[in-house]
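Hello,

Here is the structure I promised to pass on to you. My notes follow just below it.

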Amino acid sequence: MPLLHTEAITLRRRRGKDADALVILYGKTSGKVTASTKSVMKTQSRYAGVTQPLNRIHAVLYAKNTEQEIWTLTQVALIQSYDTIQKDLTRLSYASCLMEWVDFLSHEFQSSYRVWTTMVQAFERWNEQAPCLEDLYYFQWRLLCAAGFQPEIFHCLHTKATEAPGWVYIPKEGGLVANTLGLDGYPLTAGTIQALRKLAASPTPPAVRLSPSQSKEIKALYKIHLEYHVGLRSRAELFLERYQS
């Protein structure tokens, strides 16, 4: 009977039967895990506050066998609550975008230290200072790389050229081609790709400030890429976009 101890961040929690709930965790050593919690939605439950999204916890999970899809959360202790993020709707909106991407890009019990550190670094940063779109694009790029889903942005897929007067993103090929080739796709300016390359190549969130048009193009590139290769659309990003408009 497997017993799993892991440090984890709660990605989602949804109500089940009665006062039970399903909690989606991303564990430092376990990767994504779906766990059931009994009576957690009751106000007197000692797990009610600890298992809410964006908490960093120590979790003990139980299953009858390792093939079981939904484990049982038997013990949980709070390590860190990102209070500043949770109390600020703007910060929470950014964090929700990142947690949703982790959920989209992760498979059950496939751990990635890069995914874990990306989340922790983002939440530590946003707990101390207000987030910006450049931060979000930077951490989203790191998640794409960690999951092996990053688009090719450093050279033309057909000619291998690194410079062009403009670019076209082709979802089926998962990368850029020079716009001089006359292929159909999502157009991107050379300036936008240069800015995205700086974000992608930096070991820490760089002091890059995007113009409104560059931000719009990068957002669209990510959206098209995620929908085509993962088959999902981010609801959290749609909320953030409407909230900031």
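To start with a question: does Cys 145 count as buried or exposed? At 19% relative accessibility, Cys 145 counts as buried, where buried means under 20% relative accessible area, exposed over 50% and partly exposed in between, with a 1.4 Å probe and protein chains only.

Before the rest, a word on the source: this is a predicted model, in which local features need pLDDT of at least 70 and side-chain atom pairs count only at pLDDT 80 or more, while totals for chains, interfaces and linings use all residues. Residues are numbered from 1 along each chain as its sequence is written, and side-chain values use heavy atoms, leaving out hydrogens and water.

On to the cysteines. The structure holds 0 disulfides, a disulfide being a pair of cysteine sulfur atoms within 2.5 Å. Cys 132 is in none, as the nearest cysteine sulfur, that of Cys 97, is 13 Å away. Cys 132 is also buried, at 18% relative accessible area. For Cys 145, the closest cysteine sulfur is in Cys 97, 18 Å off and too far for a bond.

Cys 145 is one of the buried residues of helix H4, residues 133-147. Helices here are DSSP runs (H or I, at least four residues), numbered from the N terminus. In H4, 11 of the 15 residues are buried, so the helix is largely enclosed by the rest of the structure. Trp 141 and Phe 139 are among them. Just after H4, Gly 148 takes a positive phi of about 75°.

Best wishes

Key:
Helices (H or I, at least four residues) and strands (E, at least two) are DSSP runs, numbered from the N terminus. The expected span of a helix is 1.5 Å times one less than its number of residues.
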